[in-house]
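Please read the following account alongside the model.

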Amino acid sequence: MQAGGPSDVWAEGDAYERYMGRWSRRVAEVFVTRLGGPAGLRWLDVGCGTGALTAVVASRCRPRTLLGLDRSPEFVRAARAAAPAPARFAVADASALPVRDAAFDAVVSGLALNFLQPPGAAVAEAARVVRPGGLVAAYVWDYADGMALLRRFWDAAAALDPAAAALDEGRRFALCRPGPLRALWSGAGLVDVRVAPVEVPTVFGGLEDLWEPFLRGQGPAPGYVATLTPAARERLRTRLAEALPTDPGGAVALAARAWTVRGRRPPGPGSDARP
């Protein structure tokens, strides 16, 4: 994953797993199942982060080759330690992929597109390195309306500190909606473009299970928490706790929605149109 702003810190694998990786993996399972396709394809995962999506492709799709790329050396190290064979990984920039034209059958990306700057360049690179007829697909959180954890966090933060509203991913990442995603794919010359939602439950064992990842500095919301004084941090924790739906046992049941987008590089004369 690659940073898109001063508070978009993504580097420590364990912290990311506690914050978003556990939910990303659930979306990846649905995303890959919907993509389908035969065994033996060549896959590329751009902005692979800690390897959640790469691992699902490795275990479910029986790929011939599978390469994960990310600009964070720390994330690449975490991905290497977690993803099964035949996955391999390298450090690389999504806007200048070190890959020849038409080298892959499928290019995918999970929860990274809105952090890639500029996103249009990353999608154009994905379209370049996929073969004619090949698949380019991604998913991003619906920050504005469908990511309940972050919606409640930023609402609580802005109520205490109006300046925090400018950091809200729902405001910052207008890309993460069906219309802009469809336009981005079409603008890269991809065809048969489809956008669809995926919703997964995000159930926390209690307030500490939900709050502790915000203290690890990974991502915009934890990055904001890191700037607060201890007293301000405690006020935010209290305000957030008051807004959460908690069952009698203390568990907090929320939901997270992601938008998936997929399209194909137009087939060339005589090209294979498999996924």
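Predicted model: local features only at pLDDT ≥ 70, side-chain atom pairs only at ≥ 80, totals over all residues.

Residues are numbered from 1 along each chain as its sequence is written, and side-chain values use heavy atoms, with hydrogens and water left out.

Seven strands form an open sheet in the order β3-β2-β1-β4-β5-β7-β6, and their pairing is mixed. The edges are β3 (87-91) and β6 (191-204), each of which pairs on one side only. From one strand to the next the twist averages 20°. Helices (H or I, at least four residues) and strands (E, at least two) are DSSP runs numbered from the N terminus; two strands pair if DSSP finds at least two bridges between them.

Strands β1 (residues 42-46) and β2 (residues 65-70) run parallel and are joined by five bridges. Here Asp45 stands opposite Gly68 in β2.

Helix α7 (residues 178-187) lies across β5 (130-141), β6 and β7 (252-264), and runs at about 25° to β7. Axes are lines fitted to C-alpha atoms, for helices over the stretch in contact (heavy atoms within 4.5 Å), and angles run from 0 to 180 degrees between N-to-C directions.

How many disulfides are there? With a disulfide taken as a pair of cysteine sulfur atoms within 2.5 Å, the count is zero. The sulfur of Cys48 is too far for a bond because the closest cysteine sulfur, in Cys61, is 16 Å away. For Cys176 the closest cysteine sulfur is that of Cys48, at 19 Å, also too far for a bond. Buried means under 20% relative accessible area, exposed over 50%, and partly exposed in between (1.4 Å probe, protein chains only). Cys48 is buried at 7%, and Cys176 is buried at 1%.
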